[in-house]
Amino acid sequence: MSKSLEMKDNGEINHYEKISLEMREISNEKRKTLRKVPDKIPSVVIGLALIAFCELFAYVGVNTSLQNYIQFSVPQNGTTQSGALGKGQQIATALQSFLSFWGFTSPILIILIRSRFVDSFDALMTFLCILIFGIAIIAITSIPISISAGLAFPGLIIGLIVMGFGFGLKMMLNVIIGEQHTETKQRIKVLKSGEKVIVDPILTLQSYYHWYYMGTVGGALAPIITTNIERYHSYWLTFSISAIFATIGAGVFIYSKKLLAKTPKRDPQIWQVLQVIKIALKNGRNLENAKPLNLKQIKNITWDDKLIDDLRIVLYISRNFLFYPFYFTCYIQMANNLVSQAATMETGIIPNNLVYLLSPITVVILIPIMDKLVYPFLRKLNIVLLPIKKIFIGFILMTLAMIYTTLLQAKIYRTGPCFERSPCEIDGRMVPNRISVWFQTPIYLLIGFSEIFFVITNLGFVFGQAPASMKELLMSFYMLTIGIGSGFAILLVPLSKNPLLTYMYFVMTVIVFIAGCLFYYFCRNSMKKIEKQNLDNSQEVKV
């Protein structure tokens, strides 16, 4: 709260004190009537969004080309379907899912390495370099002479493993973007129109992640370039362009590093956390028993009570993540099985993996609409969508996407000339079933809309609730759910072939719906409690 007001000797209050008094009166009497707004977006957030754009362009440029690169052989007999290795849909889906699994589980290992760095900025630059190196390996081994020499497939495996380590970049960016928001209390602001509003730190953090994520999904538009190069030129050039964009991201980071908010070096304390958990498991599964006061028999204890309390918060929040892998199992279908599904349909002159663009385009269009129009309108009506409701809506939208995918796959199987064996060879040419690829449009629109409610909400929620010393740890736990979801997708690989695909999508539909319902039922009270506590902590108006 503001300090007590001091009056001059003559009993008058000066100009600044009048402002302070006015703010206090607003805080106490009119807070409920004032509109809450987010703060302006600083240029440094735009810079980080540009880095995220380059990073995701590099990743998506590779990722969206992998399915065709692995599944199909080099085009022959006049076919326009691009390919190189000819390993089939199951191996392609397994390797593409492996990249997601490895990339999003590696942050746990990366935190161990991260603790050796001077600061998070050096770590971020290192991960950028690793990402560039991994993509370069794939690019070099995809040139025609490498494919002919049998180096393409082993080179791909090595490149994917190296790329996975580079995924630590995603975790670091997710944390650094939140660190640029340093205000924790509400404050009064007078707009040019004369309206008094409350600048709310929670809404500001959400807005940061909205615009950061819009930059991220902007990078997901990479297939506009890469899929056409893949189809009409070569894979080595496709992968090389991805490496170039990652290099540009490194250059932007070097240039904008001086603009970033300087935060004190934080030891992720992962080694202490592991030791604390080990001790707690051996002593009644109670973290209280791992506090230094209760461990007089152990010498050289390197943690204090605060670490125990922070870890308790992290584990409490992490319970909400138990249902997230089932969402991401469906989400990653955009990059593998849905690409293969498009190859069984009539695509015309567009590559089969270009329809994927509808999802990021949906996100890019809807983020500013939601941030500037829909959410403010709902707040004017005193309708507040807490994170629990947004995430549940995300689950439901993903369920609808999977229902439609299941029905569409059944329709493809009922359509000739190939029916359940599309594409098939007729008169020496590979032809698909007579159904337009644009029937996939609702799938990508629903998934894109789902991202806004599920993914963006979680990014802001995870960073906002994590203790300062464990933001990276909690963010890595969240990213781990994507890796586990990819692992579940690998388990479904036996179903990712004709004529079993309808059953696979049906299984995903049932699982994601049940997961969403269980999430809302078991987590609604804990997330509301966390959000209420966070709201109470920010209610004090800064003057």
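## Close-up views of a predicted model

At 73% relative accessibility, Arg285 counts as exposed. Here, exposed means over 50% relative accessible area, buried means under 20%, and partly exposed covers what lies in between, using a 1.4 Å probe and protein chains only. This is a predicted model, in which local features need pLDDT of at least 70 and side-chain atom pairs count only at pLDDT 80 or more, while totals for chains, interfaces and linings use all residues. Residues are numbered from 1 along each chain as its sequence is written, and side-chain values use heavy atoms, with hydrogens and water left out.

**View A. Arg285 sits in a loop with a positive phi.** Most residues other than glycine have a negative phi. Arg285 is not a glycine, yet its phi is positive at about 55 degrees. You will find Arg285 in the loop between H11 and H12. Helices here are DSSP runs of H or I with at least four residues, strands are E runs with at least two, and both are numbered from the N terminus.

**View B. Glu288 pairs with Lys291 and with Arg312.** Side chains of opposite charge can pair when their charged atoms come close. A salt bridge is counted when a side-chain nitrogen of Lys or Arg lies within 4 Å of a carboxyl oxygen of Asp or Glu, and the whole structure has six of them. Between Glu288 and Lys291, the closest N and O atoms are 3.2 Å apart. Lys291 is buried at 12% relative accessible area, whereas Glu288 is partly exposed at 33%. The salt bridge of Glu288 with Arg312 also has an N to O distance of 3.2 Å. That pair links distant parts of the chain, 24 residues apart: Glu288 is in the loop between helix H11 (270-282) and helix H12 (305-318), and Arg312 is in helix H12. Arg312 is partly exposed, with 32% relative accessibility.

View C. Lys306 is partly exposed at 48% relative accessible area, while Asp310 is buried at 8%.

**View D. Helix H13 crosses helix H17 in a left-handed manner.** The axes of H13 (residues 324-331) and H17 (residues 441-465) come within 12 Å and cross at roughly 145 degrees. These axes are lines fitted to C-alpha atoms, for helices over the stretch in contact, and the angle between N-to-C directions runs from 0 to 180 degrees. Left-handed means that the near helix is turned anticlockwise from the far one by less than a right angle; clockwise would be right-handed. On the H13 side you can pick out Tyr324, Tyr327, Phe328 and Tyr331, which meet Ile447, Ser450, Glu451, Phe454, Val455 and Asn458 of H17. By class, this contact has seven nonpolar, two polar and one charged residues. Nonpolar here covers Ala, Val, Leu, Ile, Met, Phe, Trp, Tyr, Cys and Pro; Asp, Glu, Lys and Arg are charged, and the others, Gly among them, are polar.

**View E. Tyr505 is buried in helix H19.** Helix H19 spans residues 501-538, and Tyr505 has a relative accessibility of 0%. Leaving aside residues up to four places away in sequence, Tyr505 touches Gln333, Asn337, Leu338, Gln341, Met402, Thr405, Thr406 and Gln409, where contact means heavy atoms within 4.5 Å. Tyr505 and Asn337 are 168 residues apart along the chain, and their C-alpha atoms are separated by 9.8 Å.

**View F. Cys418 and Cys424 form a disulfide.** This is the one disulfide in the structure, a disulfide being a pair of cysteine sulfur atoms within 2.5 Å. The two sulfur atoms are 2.0 Å apart, and the link is left-handed, with -70 degrees about the S-S bond. Cys418 is buried at 7% relative accessible area, and Cys424 is buried at 18%.

**View G. The loop between H16 and S4 holds Pro417, Phe419 and Pro423.** Most peptide bonds are trans. The bond joining Gly416 and Pro417 is cis, with omega about 10 degrees, and the bond from Ser422 to Pro423 is cis too, with omega near -5 degrees. The loop runs between helix H16 (387-413) and strand S4 (424-426). Phe419, not a glycine, has a positive phi of about 55 degrees and is partly exposed at 42% relative accessibility.
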